[in-house]
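Okay, thanks everyone for coming.

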Amino acid sequence: MAKKITGTTVLTGLLGSPVAHSISPLMHNEAFDALGLDYTYLCFDVGTDGLKTAVEGLRTMGARGWNLTMPDKNLMCELADKLSPASEISGAVNTVVNDNGVLTGYTTDGIGYMRAAKEAGFDLIGKTMTLMGAGGAATAILVQAALDGLKEIRVFNIKDAFYDRLEEIAEKLNARTDCKVTVHPLPDDEALRESIATSDILTNGTGVGMAPNTDACIIPDASFLRPDLIVSDVIYNPRQTKLLKMASEIGCPTFNGLYMLLFQGAAAFELWTGKEMPVDLIKEKYFQ
Ligand code: NAD
């Protein structure tokens with residue numbers, strides 16, 4: 001049945017560029033329909049230059065909220081009136097809630113990762129993580145995992161533009177949470193091996209291994225792993241990266257980035273509607 005747009009339909013959507021490939025409209029519109037909510041979700045191809053104008057337009061028009069994708073996640077932080085603790089620390093917003101003209105920025109990618117871990121059967125609270133990466137996805141995981149109560153997170157990244165920002169974020173997390181966060185430059189096989197050997201979970205938060213470069217792997221070889229190590233990857237294309245394949249072959253429990261994507265959307269949906277997304281339905285239709 002065609003979706004009915006009425007005079008009272010509530011607007012949500014996605015800002016970024018490009019956005020045409022996004023799964024978010026399918027997932028949110030399906031969930032709105034399933035719950036009988038008079039909401040709709042649309043994609044707007046808006047780059048950095050147009051972001052401020054678009055945000056003011058959405059605020060004025062009373063849109064309930066929107067998601068941000070690259071390159072707008074950092075700039076949205078400056079345009080919001082209020083920020084969640086995770087957005088304030090990470091400097092990124094992927095979800096905005098508009099309460100009568102007051103814009104609050106949240107970042108739900110890390111929430112998505114933590115829920116995906118739980119869904120896969122892992123309770124990470126009080127555990128030690130070796131986290132590869134310092135970009136958008138890795139930072140979101142780092143911040144949420146520290147806020148949620150991991151005991152220790154050791155972050156490894158090459159000394160690129162992300163590295164200095166990573167040190168600042170680690171400093172904030174060490175001051176504001178009970179999680180011990182340390183930062184390590186790559187390459188350093190010895191430090192990486194030692195960290196993984198004393199961690200409960202290894203997480204790839206980089207795009208290394210993503211299609212089409214599926215032969216790439218963020219760790220040098222399988223000798224860095226052991227069967228009781230949980231191994232996860234933010235990548236969902238392919239579903240099984242070289243890292244996850246290597247880990248599965250030696251018996252490690254693993255999970256990929258697919259449900260992180262689902263649950264970041266579910267968290268945004270709940271912020272806008274106050275209702276739980278029917279995730280089983282959405283999984284069945286779009287996350288196989
Ligand atoms: P980004 O550009 O913000 O960060 C890239 C990271 O990879 C940085 O830490 C960078 O230092 C590191 N890196 C790049 N090349 C490297 C190399 N050769 N060796 C080691 N490290 C290297 O990207 P992002 O937005 O964080 O995305 C990273 C991956 O996460 C992508 O595959 C993306 O599709 C995925 N992602 C998944 C979800 C999800 O919901 N599952 C959400 C966001 C991003």
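So, start with helix α1, residues 24-35, and helix α10, residues 258-273: their axes come within 11 Å and cross at roughly 50 degrees. Axes here are lines fitted to C-alpha atoms, for helices over the stretch in contact, and angles run from 0 to 180 degrees between N-to-C directions. That makes α1 and α10 oblique to each other, because under 35 degrees would count as roughly parallel, over 145 as roughly antiparallel, and 65 to 115 as roughly perpendicular, with the rest oblique. The crossing is right-handed, meaning the near helix is turned clockwise from the far one by less than a right angle.

Who's touching whom? From α1 we have M27, H28, A31, F32 and L35, and from α10 there's L261, L262, Q264, G265, F269, W272 and T273. Contact means heavy atoms within 4.5 Å.

Quick housekeeping: this is a predicted model, where local features need pLDDT of at least 70 and side-chain atom pairs count only at pLDDT 80 or more, while totals for chains, interfaces and linings use all residues. Residues are numbered from 1 along each chain as its sequence is written, and side-chain values use heavy atoms, with hydrogens and water left out. Helices (H or I, at least four residues) and strands (E, at least two) are DSSP runs, numbered from the N terminus.

Now the sheets. One is open, with 6 strands in the order β2-β1-β3-β5-β6-β4 and mixed pairing; two strands pair if DSSP finds at least two bridges between them. β2 and β4 (82-83) sit at the edges with a single partner strand each, so one side of each has no neighbour in the sheet. α1 packs on this sheet, touching β1, β2 and β3 (65-68), and its direction makes about 170 degrees with that of β2. Helix α2, residues 48-61, packs there too, touching β1, β3, β5 and β6.

Inside that sheet, β1 (residues 10-16) and β2 (residues 39-45) run parallel, joined by 7 bridges. L15 has F44 in β2 as its bridge partner. By contrast, β5 (residues 95-99) and β6 (residues 102-106) run antiparallel, with 5 bridges.

The other open sheet goes β9-β8-β7-β10-β11-β12, 6 strands with parallel pairing. Its edges are β9 (180-186) and β12 (254-255). Helix α7, residues 161-176, lies across β8 (152-158) and β9, at about 165 degrees to β9.
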